[in-house]
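Subject: Structure handover

Hello,

Here is the structure for you to look at. My notes follow below it.

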Amino acid sequence: MSSLVLFPALSKETPDAEGVLATWFVSEGSTVAPDQLLAEVQVDKVAAEVPAPAAGVVHLLVDEEAVVRQGAPIARID
Amino acid sequence: MTIMEAPQATRRLTTSKAMVEAIAQEMERDPSVFYMGEDVGAYGGIFSSTTGLLETFGPQRIIDTPISETAFIGLGIGAAVEGMRPIVELMFSDFMGVCLDQIYNHMAKIHFESGGHVQVPMVLTMAAGGGYSDGAQHSQCLWGTFAHLPGMKVVVPSSPADAKGLMTAAIRDDNPVVYIFHKGVMGLPWMVKNPRTLDEVPEGEYVVPIGKARVAREGSDVTVVSLSLSVHHALDVAEKLAPQGIDVEVIDLRSLVPLDREAILTSVGKTGRLVVVDEDYLSCGVSGEVVATVAEVDPGLLVMPAQRVAVPDVPIPYAHDLEYAVLPRHDRIEKAIHAVTIR
């Protein structure tokens, strides 16, 4: 079963705010453990870490520096 | 003991996260370790040197200080001579001017003046370096100044793994250790992107011995001796020149005190050509010391005169183009390598 990793909701006032995928800490196809740091994202000047929700092989759905809407999928873990 | 059959997850960290991990692990291990400085608590350090530590260890051990460098560095020295292991952050190396008496007349001399009876097991951390238009008072390296003054070790990591290993070693060292992190190696999302600031970092206890240089890239034609962010630039240039048939060896000093002169001599003995890349000022500093190391032992090792790529003796400009003109960046490093490899 695969699970999607979503861009976290950093701005509560603006639910459809856009942010930036600042850094990928894992590369395409790598094996990850639960809670392992996957990415750091930014909305305005606020940064947040995105941990892996489950173990598996990670597939990156957006590029580094890409602008992403909150709640949009950024990775899939198979 | 369980043997893990599953494939090992590769874990990469930025330099700042690797540094924080080392501090957290040592604080878990040793209750006498604490961290103190300006904006190191809720803010997490303006260059992310302490992100998340306040939440884990609380305000008794992660202590925000007023803007009073002489007072809180003195407080750290006092705690250290009484047996604690403080890590004290001077927000910018540029600010050494307001508190240097505590650093070089007290922190660095108590062990000597007490005839070796009193130890100062303290780590003094600080951010250094330019490249992001922060002006002449917030962009200097100044590690050569600390290394010039006797009585303290000086470490300058460039990679995430070394940032962790050298921090662990610095905390455990019974001498005062100055730990200087260039803002450009930390992997901060708002800085110029640098892929070398994100790399694999060993989990668990990890110590890098202070005083040992690292061969960051093996090569046979020319030795580039460097440190901190300049190592990343040197590696970029080495990769660019490889297809042109110039095989560059890059030595990352990692530590200025003690200085691994043996590593410098071994590499120059192999290549016969030396370029020193240092983001500190040119005169009377690290780059001159590296060249002198070769000249004093055997100037005959060099088949071409050595080249130094450093900041000329001027304040760091604010204007982006002017700042990049004085910093030891790729263009100047490449030119220096060509100058010593010309046939």
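A161(B) counts as partly exposed, because it has 19 C-beta neighbours inside 10 Å. Please keep in mind that this is a predicted model. A161(B) sits in helix α7 of chain B. Beyond four places in sequence, A161(B) is in contact with A18(B), D199(B), E200(B), V201(B) and P202(B). Take V201(B) from that list. In sequence, A161(B) and V201(B) are 40 residues apart. In space they are 4.7 Å apart, C-alpha to C-alpha.

S267(B) counts as buried, because it has 24 C-beta neighbours inside 10 Å. Its place is in helix α9 of chain B, residues 261-271. Leaving aside neighbours within four places in sequence, S267(B) is in contact with T223(B), E249(B) and I251(B). S267(B) and Y324(B) are 57 residues apart in sequence, and the C-alpha to C-alpha distance is 29 Å.

**Domains of chain B**

Chain B is divided into domain 1 (13-200) and domain 2 (214-341). Their C-alpha centres lie 26 Å apart. On the domain 1 side, 27 residues are in contact with 21 residues of domain 2. Three elements of chain B each give two or more residues to that side of domain 1: α6 (143-148), β6 (153-155) and α7 (160-172). By class, the domain 1 side has 12 nonpolar, 12 polar and three charged residues.

**Cores**

In soluble globular proteins, nonpolar side chains tend to be buried together. What does the largest nonpolar core look like here? It has 104 residues. Those with the most contacts inside it are L124(B), W143(B), V154(B), A170(B), Y179(B) and V275(B). Domain 1 (13-200) and domain 2 (214-341) of chain B each supply at least three residues to this core.

W143(B) deserves a look of its own. Leaving aside neighbours within four places in sequence, W143(B) is in contact with A128(B), V154(B), V156(B), I180(B), L256(B), D280(B) and V286(B).

**Helix α4 of chain B**

Helix α4 of chain B covers residues 100-107, and its buried residues are Q102(B), I103(B) and M107(B). Seen down the axis of α4(B), the buried residues fall within an arc of 100 degrees, so they line one face of the helix. They pack against α3 (69-81) and β5 (123-128) of chain B.

**Where chain A touches chain B**

Between the chains, 11 residues of chain A are in contact with nine residues of chain B. On the chain A side, the elements that give two or more residues are β2 (18-24), β3 (31-32) and β4 (37-43). The residues of that side divide into five nonpolar, five polar and one charged.

**Confidence**

The predictor gives the complex an ipTM of 0.75 and a pTM of 0.92. Chain B has a mean pLDDT of 95. Of its residues, 97% reach 70 or more. Over residues 1-7 of chain B, pLDDT stays under 50. For that stretch the model has one contact beyond four places in sequence. Where pLDDT is low, the predicted coordinates should not be read in detail.

Best wishes

Terms used:
Residues are numbered from 1 along each chain as its sequence is written. Chains are lettered from A and ligands numbered from 1 in the order in which they are written. This is a predicted model: local features need pLDDT of at least 70, side-chain atom pairs count only at pLDDT 80 or more; totals for chains, interfaces and linings use all residues. Domain bounds come from an automatic or database domain assignment. Two residues are in contact if their C-beta atoms, placed from the backbone, lie within 7 Å. Helices (H or I, at least four residues) and strands (E, at least two) are DSSP runs, numbered from the N terminus. Ala, Val, Leu, Ile, Met, Phe, Trp, Tyr, Cys and Pro count as nonpolar, Asp, Glu, Lys and Arg as charged, and the others, Gly among them, as polar. A nonpolar core is a set of buried Ala, Val, Leu, Ile, Met, Phe, Trp, Tyr and Cys residues joined through C-beta atoms within 7 Å. A residue is buried if 20 or more other C-beta atoms lie within 10 Å of its own, exposed if 12 or fewer, and partly exposed in between; C-beta atoms are placed from the backbone. pLDDT is the predictor's confidence in each residue, from 0 to 100. The arc is that of the directions from the helix axis to the C-beta atoms.
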